[in-house]
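Subject: Structure for your attention

Dear colleague,

Please find the structure below, together with its sequence.

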Protein chains: 2
Amino acid sequence: MGAVKTKRMPRAVREQQMLDAAVRIFGRRGYMAASMDEIAELAGVSKPLVYLYLNSKEDLFTACIRREAAALTEAVRTGVRADLPADRQLWDGLRAFFAHTAEHPDGWSVLHLQARTHGEPFVGEVRSMREEIVAFVTRLIAVAAREAHQDPHLAEHEVGGLAEALVGAAESLAAWANATPGVTARQAAATLMNFAWAGLGNLMRGRPWVPPTGEA
Amino acid sequence: MGAVKTKRMPRAVREQQMLDAAVRIFGRRGYMAASMDEIAELAGVSKPLVYLYLNSKEDLFTACIRREAAALTEAVRTGVRADLPADRQLWDGLRAFFAHTAEHPDGWSVLHLQARTHGEPFVGEVRSMREEIVAFVTRLIAVAAREAHQDPHLAEHEVGGLAEALVGAAESLAAWANATPGVTARQAAATLMNFAWAGLGNLMRGRPWVPPTGEA
């Protein structure tokens, strides 16, 4: 490491090293407790250099959120092929999502927990990413409903609700999978696919769960 | 209101009025932007009286989280009868949950959004409530699996994962239902019940979703 530290390297490379270190420290310690000293040390640079490149702790945290949000949406996007059937797209998307959050637990902690627990402007950064993912899932469910020729029965707000439910379930499950030893990304994806698709699948085929009769 | 303001009333009643006002302001403005002046004015009391009773803005916010968390878990608990079948318990629990979050949108905003966006100790208060609800849903799914005689096939961590997915879906859907005009509590409960039970129901009967063959 000593030789690497003193070597001259392009600004972009140094900046990525700083962001790598920052995501790790922010993800593990939280925004408030994270120290710029520790981030600089882990990145193998001086603290003034971190401030020169990233300006402030707030800007550094915002840069972390943006990088991790872009990496996660990119992972899901490239994991899915639009020409495949909707259940295959959902399965591929879920596997890509859980594989990425398992490989980048600190990044996921920054997005799911840290960014949401320290108010604006950080909350806003995560909100845009989430809206993009909900829109993707909404399209997928609408396509599946069309494929199953059930569109008149699945109202627009029902599709929106199902997409919100699925995204909320995935967020919750990713945090749980990362905190539970022995749960693989594939298992987490399969759990949610079972939960979602067997349910959505029945719904698409016009076989909803039926409420008990005679209730208030 | 003028006559009420000057009337003498028991401390417990005054305190509940302050908490009512605080939940409304915290839920709508957020913790940082909420002003103690506005809370006191809405409660119809002087600001020094709020500090005398609730000590500080932080303590007032903590008291709001505790009261709203207790009310929500109580609503779900009393909505469910342990002697009914598991799918009926889940349906009753979901209706109680969505009815309560729809009737108390500011309280739900405090629990789901505000308490989680301002770090410890607030995050910890919400975590205990969430753990209690996850434990309840986990028991329900385990009972349903036993009823369906499928317990050997539904491993303990699978049940835990399903409970996490269901709770995450409910949280996400409640926030969406409150923000979407025309979506009733019953509709939100039915959407999630369809999503969850038709899926869980298939799973219980040993009919999981099957991944495509021949994939990597």
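Of the 216 residues in chain A, 52% are buried. Please bear in mind that this is a predicted model. Chain A contains 10 helices and 0 strands. Among the contacts in chain A with a separation of 6 or more, 68% are between residues 24 or more positions apart.

One stretch of chain A carries an annotation. An unreviewed UniProt entry places the feature "DNA-binding region" at residues 35-54 of chain A. In the model, this span is 80% helix and 0% strand, and its end C-alpha atoms lie 14 Å apart.

The buried residues of α5(B) include B:Leu60, B:Phe61, B:Cys64, B:Ile65, B:Glu68, B:Leu72 and B:Val76. As background, residues three or four places apart in an α-helix point the same way, because the helix has 3.6 residues a turn.

Next comes the nonpolar core. The largest one has 126 residues, and those that touch the most other members are A:Phe26, A:Phe98, A:Leu192, B:Phe26, B:Phe98 and B:Leu192. What does B:Phe98 contact, leaving aside its neighbours within four places in sequence? The residues in question are B:Ala170, B:Leu173, B:Ala174, B:Ala185, B:Ala188, B:Ala189 and B:Leu192.

Aromatic rings also deserve attention. Over all chains, the search finds 14 aromatic pairs. One of them joins B:Phe26 and B:Tyr31 in a tilted arrangement, with 5.8 Å centre to centre and 35° between the planes. B:Phe26 and B:Tyr31 are both buried. In chain A, one aromatic cluster is formed by A:Phe26, A:Tyr31, A:Phe61 and A:Phe122.

Is B:Ser109 buried or exposed? B:Ser109, which lies in helix α7 (residues 105-114) of chain B, has a relative accessible area of 15% and is therefore buried, as buried means under 20%. Not counting residues up to four places away in sequence, B:Ser109 touches B:Gly27 and B:Gln114.

Yours sincerely

Conventions
Residues numbered from 1 in each chain as written. Chains lettered and ligands numbered in written order. Predicted model: local features only at pLDDT ≥ 70, side-chain atom pairs only at ≥ 80, totals over all residues. Heavy atoms only, no water. Buried < 20%, exposed > 50% of the residue type's maximum accessible area, 1.4 Å probe, protein only. Helix = DSSP H or I, 4+ residues; strand = E, 2+ residues; numbered from the N terminus. UniProt positions renumbered as here; feature names shortened; annotations may be inferred. Contact = heavy atoms within 4.5 Å. Core = buried A, V, L, I, M, F, W, Y, C linked by side-chain atoms within 4.5 Å. Phe/Tyr/Trp six-rings, centres within 6.5 Å; stacked < 30°, edge-to-face > 60°.
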